[in-house]
Structure formats: C-alpha cells, structure tokens
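Biologist: I have a sequence and its coordinates open. Please show me how to read them.

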Amino acid sequence: QVQLVESGGGLVQAGGSLRLSCAASGRTFSTYALGWFRQAPGTEREFVAAISWGGTTTYADFVKGRFTISRDNAKNMIYLQMNSLKPEDTAVYYCAGRKWEVLTTSKAYDYWGQGTQVTVSS
C-alpha cells in the first residue's frame, strides 16, 4: 500500500521555474518506480518523467533539457524541477507509482496522487 500527495503547483510566468514535490507513505517505497504525468482539460493524460528505484531517469521528449526528476528514498519524496516553463506546460500534474521497472503508460501505474495545478502565463 502506497499513498502519494503532490504539492508545489501554482501560477508562474513563461520562462520561469517551479518545483513539484510528491510525498509517499507506505512500505517498499525504495523498490518502486515513480513518475510524473500531466493532463490538460479535454486531453488525455501524458507521460512527463519517471525515475527507477535505482535512480535511472526517463523523460518525455518535450521536457528534455528543461525538467529534472529526482528522488530521496530516505525522506520518501520525489521531485520535479521545472525550468524554462512554457504556456503549453499548463496542466494538472500527477505523481504515480508502481513496483519495479519504469514504464511510460499511465495504465501501468497502480498508485496516484490527487494532482497539483500548474499554470504558465504569457
């Protein structure tokens, strides 16, 4: 059993930065792959980034060079540092978890947070 809670969303101007946090509770956290997905109104949920239990990272092409995912197993936390934000990054961002290996489809993840809104103004 794992529970995830996101925080850190808000309103920023284009070109600005924001850091999202996800706090996890439960057992076997260190063996879970953790990721971030996002969803804008009227669109399907899309993969953003993920990190394995060993720290290997995977990114969607549209965020490479701008976003960085990290995890702190001792604190049961993961983070998404977002730089050079664009208006098209506006969405609700969700933290997700699954056992073992990293996958990029939302259907493969078993645990989800409530989401945090990110709005980028121009």
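Modeller: Ground rules first. This is a predicted model, where local features need pLDDT of at least 70 and side-chain atom pairs count only at pLDDT 80 or more, while totals for chains, interfaces and linings use all residues. Residues are numbered from 1 along each chain as its sequence is written, and side-chain values use heavy atoms, with hydrogens and water left out.

Biologist: What is the strand order in the open sheet of four strands?

Modeller: The general idea: strands of a sheet pair through backbone hydrogen bonds, either parallel or antiparallel. Here the order is β1-β3-β8-β7, and the pairing is antiparallel. The edge strands, β1 (2-7) and β7 (67-72), each pair on one side only. From one strand to the next, the twist averages 15°. Strands are DSSP runs (E, at least two residues), numbered from the N terminus. Two strands pair if DSSP finds at least two bridges between them. Angles run from 0 to 180 degrees between N-to-C directions, with axes as lines fitted to C-alpha atoms.

Biologist: How many bridges join β1 and β3?

Modeller: Six, in the antiparallel sense, with β3 covering residues 18-26. Take Leu 4: its bridge partner in β3 is Ala 24.

Biologist: Which residues of β1 are on its covered face, and which on the uncovered one?

Modeller: In a regular strand the side chains alternate between the two faces of the sheet. In β1, Val 2, Leu 4 and Glu 6 make up the covered face. Gln 3, Val 5 and Ser 7 make up the uncovered one.

Biologist: Which residues form a disulfide?

Modeller: A disulfide is a pair of cysteine sulfur atoms within 2.5 Å. The structure holds one. Cys 22 and Cys 95 form it, with their sulfur atoms 2.2 Å apart. The pair links distant parts of the chain: Cys 22 is in strand β3, Cys 95 in strand β9 (residues 91-99), and they are 73 residues apart.

Biologist: Why is the disulfide of Cys 22 and Cys 95 left-handed?

Modeller: The torsion about the S-S bond of Cys 22 and Cys 95 is about -85°, so the disulfide is left-handed. Both Cys 22 and Cys 95 are buried (under 20% relative accessible area; exposed is over 50%, partly exposed in between; 1.4 Å probe, protein chains only).

Biologist: Where does Asn 76 lie?

Modeller: In the loop between β7 and β8 (77-82). Asn 76 is partly exposed, at 23% relative accessible area.

Biologist: Where is Ser 84 found?

Modeller: In the loop between β8 and β9. Phi of Ser 84 is near 50°, also positive in a residue other than glycine. Ser 84 counts as partly exposed, at 40% relative accessibility.
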